[in-house]
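Student: I have a new model open and want to learn to read it. Can you walk me through the features one at a time?

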Amino acid sequence: MRTDHCPGTLPAREHLPAAWAGTPVLDVVVPVHNEEKDLRPSVRRLHEHLTRTFPYAFRITIADNASTDGTPDVAADLARRLEEVRSVRLERKGRGRALRTVWSASDAPVLAYMDVDLSTDLNALLPLVAPLISGHSDLAVGSRLSRGARVVRGARREVISRGYNLILRGSLQARFSDAQCGFKAIRRDVAQVLLPLVEDSGWFFDTELLVLAERAGLRIHEVPVDWVDDPDSSVHIVRTAMEDLKGVWRIGRALATGALPLDRLARPFGDDPRDRELADVPRGLARQLVGFCAVGVLSTAFYLLLYSAFRAVTGAQLANGLALLVSAVANTAANRRLTFRLRGRGGMVRHQAQGLVVLAIGLALTSGSLAALDAASSDPAHSTELAVLVVANLAATVLRFLLFRAWVFPDTASRTTSGSDPDPRPETPFTPPLAPARPPLPSRTTPQADDDPRTTR
């Protein structure tokens, strides 16, 4: 995997203002290879749709992937006739290579692409890019498998598509529903950092891009789409599937070994509720509860083992006290490190002393329980003693957590602990150049997607 590019962490997302800066807000890339028949009607249809419905300035970029037919001539003619259309020629094939090349050089703050057959209904384009313009999301994908999507295609492609996405969920823990739909968008500031980490230059490019973005914690917005399959698709399904499986193996191995520097994609969120200082709202409570419970289960098991060992050579009260003392020291140290994320020696002695005070309270509860048991039965069974101690320890555990959080380790959820790196948060967010708002023309009936059979993977 590529690890030689380190542009730094991402800035906070912000809404893109609709102000003139001489640059289109949206750049839609249409990668093509030997598509002289479909290119002209598809680009004209896309251009008409954007002119009529999109409220920002836009650009359509035809990325020719080493076509050997008349596709370059058609693309050049479209670029001459339509002001918002341009053509880029690549001498090597590969959809991923085309997208990387055009997106890396584009000056538009929002970048998108779609297949030349326009299989996806164009009415989904504005919902696709709106979350990126508003600053809500980092990437957006069209989904044929999410609820609300309407899809017309054969059973073979349906099975292959669903099977592939199940493989992604099972092997790479992907949460997005459709990696292959040729209808995606990304913010340019995200693309500048993410693209150098993507290795594939073919059909697996989409999947790799989404997996890395998701693993880095970036926000992916899914849009249910209306999609019509093209029976004349030239995609070689078996060969493409094998290449995709090789890509899944490569990405899985890189993630397992830590070869991907995903920390470069860390992004502070614009108005993250986790960043707010609000009175009477506990921070980090859920994580601390999980950590405290895990430590508590282990400490209880350790305590019961110690009690059983001490009880074999001494009375119940002394065995209880010794077991509590040893397990409490271990419990305080474990909670200090794992639950409340404190490192180093600073305050360790004070924390242990306070932990012993908490121990005394627990000792009073458990010893009182044993005393009550002795009063009720002169010779209680060992199993009965253990049961009483478990119940008493549960009550002591709740009190112990409250005392740890409020007294022993106060406010550790909101401060940076010693020995840990602070969260990098750039003070000045990146603001890309923008284009003027385009007033929409009077609406008229939109051409229906079902009129044209189209292709994708």
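Student: How many salt bridges does the structure hold?

Tutor: Start with the ground rules. This is a predicted model, in which local features need pLDDT of at least 70, side-chain atom pairs count only at pLDDT 80 or more, and totals for chains, interfaces and linings use all residues. Residues are numbered from 1 along each chain as its sequence is written, and side-chain values use heavy atoms, with hydrogens and water left out. Now the general idea: side chains of opposite charge can pair when their charged atoms come close. The cut-off here is a side-chain nitrogen of Lys or Arg within 4 Å of a carboxyl oxygen of Asp or Glu. The structure holds 18 such salt bridges.

Student: Which residue forms a salt bridge with Arg40?

Tutor: Asp77 does, with the closest N and O atoms 2.7 Å apart. Arg40 sits in helix 1 (residues 36–53) and Asp77 in helix 2, so the pair ties together parts that are 37 residues apart in sequence. Helices here are DSSP runs (H or I, at least four residues), strands are E runs of at least two, and both are numbered from the N terminus.

Student: Is Asp77 buried or exposed?

Tutor: First the scale. Buried means under 20% relative accessible area, exposed means over 50%, and partly exposed lies in between (1.4 Å probe, protein chains only). Asp77 is buried, at 13%. Arg40 is partly exposed, at 30%.

Student: What does Arg80 pair with?

Tutor: Arg80 also forms a salt bridge with Asp77, at 3.3 Å between the closest N and O atoms. An α-helix has 3.6 residues a turn, so residues three or four places apart point the same way. Arg80 and Asp77 are three residues apart in helix 2, about one turn. Arg80 is exposed, at 63% relative accessibility.

Student: Where do Arg95 and Asp206 lie?

Tutor: Arg95 lies in helix 3 and Asp206 in helix 7, so their pairing ties together parts 111 residues apart in sequence. Their side chains meet in a salt bridge of 2.8 Å, N to O. Arg95 is buried, with a relative accessible area of 8%. Asp206 is buried too, at 1%.

Student: How many residues of helix 7 are buried?

Tutor: Ten of the eleven residues in helix 7 (residues 205–215) are buried. Among them are Phe205, Thr207, Glu208 and Leu209. Just after helix 7, Gly217 takes a positive phi of about 85°.

Student: Now the sheet. What is the strand order?

Tutor: Strands of a sheet pair through backbone hydrogen bonds, either parallel or antiparallel. Two strands count as paired if DSSP finds at least two bridges between them. Here an open sheet of seven strands has the order 3-2-1-4-7-5-8, with mixed pairing. Strand 3 (85–90) and strand 8 (220–224) are the edges, each with a single partner strand, so one side of each has no neighbour in the sheet. The twist averages 20° from one strand to the next.

Student: Which strands show parallel and antiparallel pairing?

Tutor: Strands 1 and 2 run parallel, joined by seven bridges. Val28 stands opposite Ile60 in strand 2. Strand 5 (residues 139–143) and strand 7 (residues 183–187) pair in the antiparallel sense over three bridges. There, Leu139 has Ile186 as its bridge partner.

Student: Which residues of strand 1 are buried on each side?

Tutor: Leu26, Val28, Val30 and Val32 are buried on one side, and Asp27, Val29 and Pro31 on the other. Asp27 also belongs to a network of salt bridges with Arg59, Arg86 and Asp107.

Student: Last feature. At what angle do helix 10 and helix 12 pack?

Tutor: Two packed helices are described by the angle between their axes and the distance between the axes. Axes are lines fitted to C-alpha atoms, for helices over the stretch in contact, and angles run from 0 to 180 degrees between N-to-C directions. Helix 10 (residues 316–339) and helix 12 (residues 382–408) pack at about 35°, with their axes 13 Å apart.

Student: Which residues meet there?

Tutor: Contact means heavy atoms within 4.5 Å. From helix 10, Ala316, Asn320, Leu324, Asn331, Thr332 and Asn335 meet Glu385, Leu389, Asn393, Arg400 and Phe404 of helix 12.
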